[in-house]
Amino acid sequence: LDKENKQIKEEFNVAKQSLEKVELEKVEAEKAFKSLTAEKAKLDESMEALTSKLMEARGGAPSSGGADSGIVEASSPTADVYWAGILRRKAELELKLETLRNEMNAAKLENEQLRREKEELAMDMRSVESDQKDNKREYIYNKKLADNLTSELSREKGDKFQTVEALKSLKNLAIRRGYAMC
């Protein structure tokens with residue numbers, strides 16, 4: 001039982017360490033998730049601002065082809081490249097965000113599994129400790145019983161010895177009196 005108890009305690013400690021490790025990984029993943037979410041929000045805001053500026057530039061430009069029209073069309077390929085970069089970056093960040101969400105969900109599942117294992121080990125440990133207490137009580141009871149039986153046996157042997165001695169002395173006395181009467 002001691003070996004089993006020690007083994008369960010070791011397994012419990014290992015599970016506890018794994019749980020702590022997973023919780024640290026979870027915290028790190030949440031931090032990364034928050035920073036990526038904040039960065040995504042900033043990029044969304046800048047994209048909205050640039051979109052509104054682009055719309056203003058296109059909407060404010062005369063359609064007949066004045067001097068401003070050349071500026072809008074000249075900046076349009078540059079804006080397209082810029083927007084392509086922004087969209088690509090947004091897609092990359094969304095992929096990272098999705099990956100971190102998946103990792104966080106996996107860490108949560110692993111965390112929950114480790115908690116369940118920890119609870120099972122704790123129950124096993126309580127069961128083993130209870131069994132140990134029961135066995136110890138039984139051992140103490142059996143030892144007291146054996147001590148009582150031993151002392152009773154010694155007392156009975158002593159009483160038997162005294163009875164045998166008394167019987168011998170009575171026989172000797174009867175033999176002496178019997179010879180004395182004859």
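The protein exposes about 14,400 Å² of surface, and carbon and sulfur atoms supply 55% of that area. Accessible areas here come from the Shrake-Rupley method with a 1.4 Å probe, and for residues only the protein chains shown count as cover. You are looking at a predicted model, in which local features need a pLDDT of at least 70, side-chain atom pairs count only at pLDDT 80 or more, and totals for chains, interfaces and linings use all residues. Residues are numbered from 1 along each chain as its sequence is written, and side-chain values use heavy atoms, with hydrogens and water left out.

The term pLDDT stands for the predictor's confidence in each residue, from 0 to 100. The protein averages 83 on this scale, and 88% of the residues score at least 70. One stretch to treat with care is residues 61-74, where pLDDT stays under 50. For that stretch the model has 5 contacts beyond four places in sequence; a contact means heavy atoms within 4.5 Å.

**The overall build**

How many helices and strands does the protein have? There are 2 helices and 0 strands. Helices (H or I, at least four residues) and strands (E, at least two) are DSSP runs, numbered from the N terminus. Helix H1 covers residues 2-60, and helix H2 covers residues 67-181.

Of the 182 residues, 15% count as buried. Buried means under 20% relative accessible area, exposed means over 50%, and partly exposed lies in between (1.4 Å probe, protein chains only). Among contacts between residues at least 6 apart in sequence, 89% join residues at least 24 apart.

**Where the helices meet**

Let's begin with the largest nonpolar core, which has 7 residues: Ile8, Phe12, Ala15, Leu121, Ala122, Met125 and Val128. A nonpolar core is a set of buried Ala, Val, Leu, Ile, Met, Phe, Trp, Tyr and Cys residues joined through side-chain atoms within 4.5 Å. H1 and H2 are the elements that give two or more residues to this core, and H2 gives the most, with 4 residues. Leaving aside neighbours within four places in sequence, Leu121 is in contact with Ile8, Glu11, Phe12 and Ala15.

Is Asn111 buried or exposed? Asn111, which sits in helix H2, is buried, with a relative accessible area of 3%. Not counting residues up to four places away in sequence, Asn111 touches Leu19, Val22, Glu23 and Lys26. Asn5, placed in helix H1, counts as buried at 7% relative accessibility. Its contacts, again leaving aside neighbours within four places in sequence, are Met125, Val128, Glu129 and Gln132.

Lys118 in helix H2 is partly exposed, with a relative accessible area of 29%. Lys118 and Lys16 are 102 residues apart in sequence, and their C-alpha atoms are 6.8 Å apart in space. Not counting residues up to four places away in sequence, Lys118 touches Phe12 and Leu19. Gln113 is also placed in helix H2 and counts as partly exposed at 42% relative accessibility. The C-alpha atoms of Gln113 and Leu19, 94 residues apart along the chain, are separated by 9.0 Å.

**Charged pairs**

A salt bridge is a side-chain nitrogen of Lys or Arg within 4 Å of a carboxyl oxygen of Asp or Glu. By this rule the count comes to 6, including these:

| Pair | N to O distance |
|---|---|
| Arg115 and Glu23 | 3.7 Å |
| Glu112 and Arg115 | 3.9 Å |
| Asp134 and Arg137 | 3.1 Å |

Arg115 counts as partly exposed at 35% relative accessibility, and Glu23 is partly exposed with a relative accessible area of 30%. Glu112 and Arg115 are separated by about one helical turn because they are 3 residues apart in helix H2.

Asp134 and Arg137 also lie 3 residues apart in helix H2, about one turn of the helix. Asp134 counts as partly exposed at 35% relative accessibility, whereas Arg137 counts as exposed at 53%. Salt bridges that share partners join Glu23, Glu112 and Arg115 into one network.

**A patch on the outside**

Finally, Tyr141, Leu145 and Leu149 make a nonpolar surface patch of about 320 Å². Patches are made of residues with over 30% relative accessible area and no salt bridge; like charges are joined within 9 Å, and nonpolar side chains (Val, Leu, Ile, Met, Phe, Trp, Tyr) within 5 Å. Leu145, in helix H2, counts as partly exposed at 37% relative accessibility.
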